[in-house]
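Hi everyone, thanks for making time today. I'd like to walk you through one structure, starting with some charged pairs and ending at the ligand.

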Amino acid sequence: MRAQWGILGGTFDPIHFGHLAIAEEARERLGLARVLFIPTGAPPHKPRGRADAEDRRRMAELAVADNPAFAVSRLEIDRPGRSYTVETLRALRAQYPEADFTLLLGADMALEFHRWRDPEGILAQATVAAITRPGYDLSHLAALPTAGRITPLEAPGLLISSTDLRARVREGRSIRYLVPAAVREYIAARALYRA
Ligand code: ATP
Ligand code: MG
């Protein structure tokens, strides 16, 4: 049987236990040999109060370090300009011809997927899974053009977002138990999200 790999893209600004929990649930339920976390490349101008691509990638590395099935890919960070998932998939399939890919989307992303660049091209290259996320209703999938073609997957609901974590750090509030300890320590040591 061909190796089954999952892909989880995101800004990961910062990575948190919500990301790790959906990746682990997908790994186990879908029998994935590997989950690749793919941080997005840097926007032309880093918005105030955000981390740059290298910090986001390093936090992702720290977060996945203790899971032998998880890895971080530099693919989108190293590619100049904006990356589209359809192109990222093409590159991954060329690089790893022995693997089949499942694109993992949180519910908020899954409900927008039909508006992405070339959803048909993505569906032709990968299985697409939509994972539950508190605050988003996956039953709306049935009314979208992609109805029946995205596999829903239930994960333990964690009401954690990077937006909330950045606000917490900015306000001097705790992010303990919301991100891995190594990520929390990295954010403190580099004084990220203070601006
Ligand atoms: P931001 O608030 O900056 O948008 P985020 O927490 O949504 O950050 P992203 O990097 O945007 O994190 O998300 C990457 C992927 O992980 C997306 O597919 C998103 O839907 C999913 N995801 C993020 N947090 C959760 C969560 N708590 N539960 C389920 N899915 C999640
Ligand atoms: Mg998001």
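Before we start, one cut-off: a residue is called buried under 20% relative accessible area, exposed over 50%, and partly exposed in between. And please keep in mind that this is a predicted model.

With that in hand, take aspartate 100. Its relative accessible area is 28%, so it is partly exposed. What does the side chain of aspartate 100 meet in a salt bridge? The partner is arginine 2, with N and O 2.8 Å apart. Arginine 2 is also partly exposed, at 40% relative accessibility. Now look at where the two sit: arginine 2 is in the segment before strand 1, while aspartate 100 belongs to strand 4, so this pair ties together parts 98 residues apart in sequence.

Aspartate 13 and arginine 50 form a salt bridge whose closest N and O atoms are 3.8 Å apart. Aspartate 13 sits in the loop between strand 1 and helix 1, and arginine 50 in the loop between strand 2 (34-39) and helix 2 (53-64), so parts 37 residues apart in sequence are tied together. Is aspartate 13 buried or exposed? With a relative accessible area of 3%, aspartate 13 is buried, whereas arginine 50, at 33%, counts as partly exposed.

Here is a local one. Glutamate 24 and arginine 27 are both in helix 1, three residues apart, or about one turn of the helix. Their salt bridge has its closest N and O atoms 2.9 Å apart. Arginine 27 has 22% relative accessibility and counts as partly exposed; glutamate 24, at 30%, is partly exposed as well. Elsewhere, salt bridges with shared partners join Glu54, Arg57, Glu61, Arg74 and Asp78 into one network. Searching the whole structure gives 13 salt bridges.

Now to the ligand. How many residues surround ligand 1? There are 21, and the closest are His16, Asp108, Leu158, Ser162 and Thr163. By type, the shell divides into seven nonpolar, eleven polar and three charged residues. Among the elements that each supply at least two shell residues are strand 1 (3-10), helix 1 (17-30) and helix 7 (162-170).

For those of you who like distances: an oxygen atom of ligand 1 is 2.4 Å from a side-chain N or O atom of threonine 163. For aspartate 108, the corresponding distance is 2.5 Å, and a polar side-chain atom of arginine 166 lies 3.1 Å from a ligand oxygen. Of the 600 Å² of accessible area that ligand 1 has on its own, the protein covers 90%.

That's my tour; I'm happy to take questions.

Definitions and conventions. Residues are numbered from 1 along each chain as its sequence is written. Chains are lettered from A and ligands numbered from 1 in the order in which they are written. This is a predicted model: local features need pLDDT of at least 70, side-chain atom pairs count only at pLDDT 80 or more; totals for chains, interfaces and linings use all residues. Side-chain values use heavy atoms; hydrogens and water are left out. A residue is near a molecule or strand if one of its heavy atoms lies within 4 Å of it. A polar contact is a pair of N or O atoms within 3.5 Å; within protein, one must be able to donate a hydrogen and the other to accept it, and residues adjacent in sequence count only if both atoms are side-chain atoms. Accessible areas come from the Shrake-Rupley method with a 1.4 Å probe; for residues, only the protein chains shown count as cover. Helices (H or I, at least four residues) and strands (E, at least two) are DSSP runs, numbered from the N terminus. Ala, Val, Leu, Ile, Met, Phe, Trp, Tyr, Cys and Pro count as nonpolar, Asp, Glu, Lys and Arg as charged, and the others, Gly among them, as polar. A salt bridge is a side-chain nitrogen of Lys or Arg within 4 Å of a carboxyl oxygen of Asp or Glu. Buried means under 20% relative accessible area, exposed over 50%, partly exposed in between (1.4 Å probe, protein chains only).
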